[in-house]
Amino acid sequence: MIHRILIFILLFLFSACDYKIQNEGQFKPIFYKSNYVTWWDVQYGQEETQNMDIYLRGNEYVSRDSHNVRLTGKQPPTIIFAHGSAWYFSDKRKHEHYISPFLQKGYNVVNLNYAKKEGVAKATKDYRKALLYLLRNNNRFHLDLNNIVLAGASAGAYMSTFLAVAQNCNEPEKSFTDSLKIIASINIMGGGDNCNEIYYNLKNHQNQWWRNVGQSLVTNQNKADSILLAWCPSEYLDENDPPIFITFGEKDQFLDSSGNTSFPKKLASFNIPHEVVTYPNSGHGFLTEDYNDMFIRIFNFIDKYIK
């Protein structure tokens, strides 16, 4: 019995470790002496799906009544994460495996929900609305809004990249105030070019359920091309856009290979710093070894651009 308890304690301590990135690209486990103060299901709008979980970095100690204590002073960078699932289904907490490495690293993390089955445009507007809510209410959360990283997987990555590059455009419904400083975007399986291809791939899918998913991406099937073009990351690129990290599995059945190759080329044409990492044996989701390697590279990428 004592042996089992000791094993449990060791596993718990290891799971509470932060992982410091080394030059050789390996994890070095160190004790991460911090807790989190978490705000669950914070409503950033009136609609049911307009909510988010906010994980705020804590201190290594707890209060006398055993409550976590928020870290004061200089804050770590803020990761805004949007989950995937084709703008059609799922929930933020079903994708927590993507935010747990950011928490282990010690960032402040916001995990978003947004509109489902109402189109790419509506979901992206929700995402932007959440960011503006954080700005207006930062006296409650005390986030570092000068070091924001927009991250996501699949559909969430697409929106994160779009908002990162559209932040300085001249369209009011897509741009941001200068008080929000987006320093990087993390695009995990999200694409960014040839933005109507996923619509046609899904709309013409052999399975009716996936055809329904495809049709839900736009509110007007007759204007699908123009709607998706208006919310396509590659259409909003300029030389002032933040750095973008792109990663995907080469066996991904949902991402078009031409879009994956053309988007980095367009980033290069505008001299936008970027890094592309692909994994030959992973698909729309990652093998464990690829997942671990990916986050090592993501952390190194973010570290380059923290102000």
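Trainee: What volume does the largest pocket have?
Mentor: In this predicted model, the largest pocket has a volume of about 480 Å³, where a pocket is an open set of points on a 1 Å grid over the protein atoms alone, where a 1.4 Å probe fits, with protein on both sides within 12 Å along at least five of seven lines. The volume is the space filled by probe spheres set on the points, joined across faces, edges and corners.
Trainee: And which residues lie nearest its centre?
Mentor: Those are S154, I198, F254, L255 and H284, out of 31 residues that line the pocket, lining meaning an atom within 4 Å of a point.
Trainee: Which helix gives the most to that lining?
Mentor: That is α6, with four residues, while α5, α6 (197-203) and α9 (257-269) each supply at least two; helices here are DSSP runs of H or I, at least four residues, numbered from the N terminus.
Trainee: What about numbering and cut-offs?
Mentor: Residues are numbered from 1 along each chain as its sequence is written. Local features need pLDDT of at least 70, side-chain atom pairs count only at pLDDT 80 or more, totals for chains, interfaces and linings use all residues, and side-chain values use heavy atoms, leaving out hydrogens and water.
Trainee: Switching topic, how far apart are the axes of α3 and α5?
Mentor: The axes of α3 (residues 120-136) and α5 (residues 155-166) are 10 Å apart, an axis being a line fitted to C-alpha atoms over the stretch in contact, with contact meaning heavy atoms within 4.5 Å.

How values were computed
Axes fitted to C-alpha atoms, helices over the stretch in contact; angles between N-to-C directions.
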